[in-house]
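Open the model in a viewer and keep a selection panel at hand. The stops below go from a core to a sheet.

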Amino acid sequence: MGQYIIRRLLWAFVMLFLVIAVVFVIFFVLPGGAGHASRGSKYPPLAYIIAGKHPLPGTVAAVVHRLGLDEPLYLQFGKYVGNALKGNFGYSYQTHEAVTHAILRRLPPTIGLAIGASIIWLFLGCAIGVVSALKRRSLLDRASMLFALAGVSMPTFWLGLMAVFFFDARLRIYNTGDYVGLFQNPIGWLKIMWLPWLVLAIVSAAIYTRMVRGNMLDVASEDYIRTARSKGLKERSVIRHELRSALTPVVTMYGLDLGILLGGAIITEHIFNIPGIGAFAVTAIQAQNLPVILGTTVMAAFFIIMANLVVDVVYAFLDPRVAYS
Amino acid sequence: MAQGEVLLEVKDLHVHFPTPDGVVKAVDGLSFTVHRGETFGIVGESGSGKSVTNLTALGLINLKSAHVTGEINFLGRDLLKLDKEELRKVRGKDLAMIFQDPFACLHPFYRVGDQIVEAILCHDDVPKRQATDRTVELLAAVGIPRPRERFRDYPHQYSGGMRQRAMIAMALVHNPALLIADEPTTALDVTVQAQILELIEKVKNDFNIGVILITHDLGVIADVAQTVMVMYAGKGMEIGGRDVLFTNPLHPYTWGLLESIPNVTQKGTRLVPIEGSPPSLINVPPGCPFHPRCPHRFDPCDKEVPELMDRGGGHPEACHLSAEDKKRLWSQRQERRVTVPAAS
């Protein structure tokens, strides 16, 4: 197991390297990217964004030189990777703040959003899924399936805006406003976070509901459940046997979803004005802020890779048939 | 026939499942009796109602979707009249069951030993230690080597034969009066099949219980059953002692089954398949359900349902032919079978 984890971690490095390479290539190759000159100039549009309106003669050239954009691509790439290995992910083109520092500052809101929302959808999805499977074809079951259908059909951007519209503009029980940190003002934080949590959770809760319900129904017709009944187990114990099989795959899905979400919930953060990684990344992309784009992408990739690893390791403990060597 | 105490008496059992396409008559007027110390074999093709009969006895079919009438008297109580909790107390305690596919019958996430311990604790309020010891003892009794270590194994670490042994151990925890084995060897290798049958036989004698052995394999029945019931389309076609059935079969369907078994000892015998296929249980043919496939059908066969009774042949069967006709036809069929040269 230890060897397996080490091997996976080494592969994680390779993956991150590839991610950086792809982002670099996209950034330079894409039309309007740093590899292309602006109309009527030999410098890329990026340089003009940073130099500002009506730059003095020589400013643009100085900007290009300072950012290292006049060097060959492979050299820029090599320098970035070299620095990244030393823990330096560069400085924001706009604010000159160290990217690592800027990301760490924006990580807590994203983590709070991701964990809160995921706990809600995990709980809702499992509870509704299990109950509707046990009460199959009942009114409750049909209602939950309707919820699931509605949930997966509502895109987050629509649901988020509707939520703001109803809870803020109409009902006035929510204030879309400035974000406050959990440790500065816990009550204020909860007041800010509950609605984005719900919005983010609804879609996933719907998906989890369907999955859990489906798993429960599949497992219920397994031979080993018939065995459990035939040996005279009480219905409660039979359900425990069913849950053990039906909920194990949920662990995988939850881990991966959480990993993805930690990379930033772009739309939700944007709608609810939460200064997290997602919002940060969007701003960076709009401003062609390469170090920040790279930093947020690498971090998101890191979370996803780690989530995969954790899920696989946890699975080995949950499913005795899985063994790594 | 074995003459122990009567354990199970099924009387005129009907199990019908209403479906949108019509009523599926999975079991249709079935009666039989199983005694202590007897292995009662039930043979029949897939879909003849073998398994449904026993799942009904255990209350393992969905009663909401089935229409069940008749009686299943077990140790003096009609199982069909028990409520859920009473039935649960019978299941696994006095009436135990093992199934066809041992690969799928154990929960993959729980240790084999724990699954057996659980079977003990759900009927007996004993300390866990005691249940564990009893489990190890039973694992040893069914021939699991190093039972104390294998107790801690998960099902995937067992071979198919061992899993079936573990299932048998699990079935035996409460010294049941009756063990229902539903195709217990079908999923196993031939060599392992023999071991499992031997084990069931040994268990039957050691524990002095009754066994219902459901199978579509006449070879299996020939090895261990004292009494055999042939089922077709949810009905009993013929019931008799094993010798009677193999040396003196009376029903044309049984003849068909026997002729479709390869015989390695007699060179030149031909395999004769039964023409046609089993009827849909929604549209069971009128009269004798077998008549459309029967080469000996005559006047009353498509109108009157033959009763399961002794027509002078020595044991109960459900065929309109007279005992003399049966004797004649069967010997003719046997001669024809041997004299036909092997297919070129």
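**Core**

Select B:Leu178 and B:Ile212: of the 160 residues in the largest nonpolar core, these two touch the most other members. A nonpolar core here is a set of buried Ala, Val, Leu, Ile, Met, Phe, Trp, Tyr and Cys residues joined through C-beta atoms within 7 Å; buried means that 20 or more other C-beta atoms lie within 10 Å of a residue's own, with C-beta atoms placed from the backbone. Next select helix α8 of chain A (residues 186–220), which gives the most to this core, with 14 residues. Helices are DSSP runs of H or I of at least four residues and strands are E runs of at least two, numbered from the N terminus.

The model is predicted: local features need pLDDT of at least 70, side-chain atom pairs count only at pLDDT 80 or more, and totals for chains, interfaces and linings use all residues. Residues are numbered from 1 along each chain as its sequence is written, and chains are lettered from A and ligands numbered from 1 in the order in which they are written.

**Sheet**

Now show the open sheet of chain B, four strands in the order β2-β1-β4-β5 with antiparallel pairing (strands pair if DSSP finds at least two bridges between them). β2 (22–35) and β5 of chain B stand at the edges with a single partner strand each, so one side of each has no neighbour in the sheet.

Select β1 (residues 6–19) and β4 (residues 67–74) of chain B, joined by seven bridges. B:Val15 is opposite B:Val68, and B:Leu8 has B:Phe74 as its bridge partner.

Finish at β5 (residues 77–78) of chain B, joined to β4(B) by two bridges. B:Asn73 pairs with B:Asp78 there. Two residues lie between the strands of this hairpin, where B:Leu75 takes a positive phi near 50 degrees.

Terms used. Buried ≥ 20, exposed ≤ 12 C-beta atoms within 10 Å, placed from the backbone.
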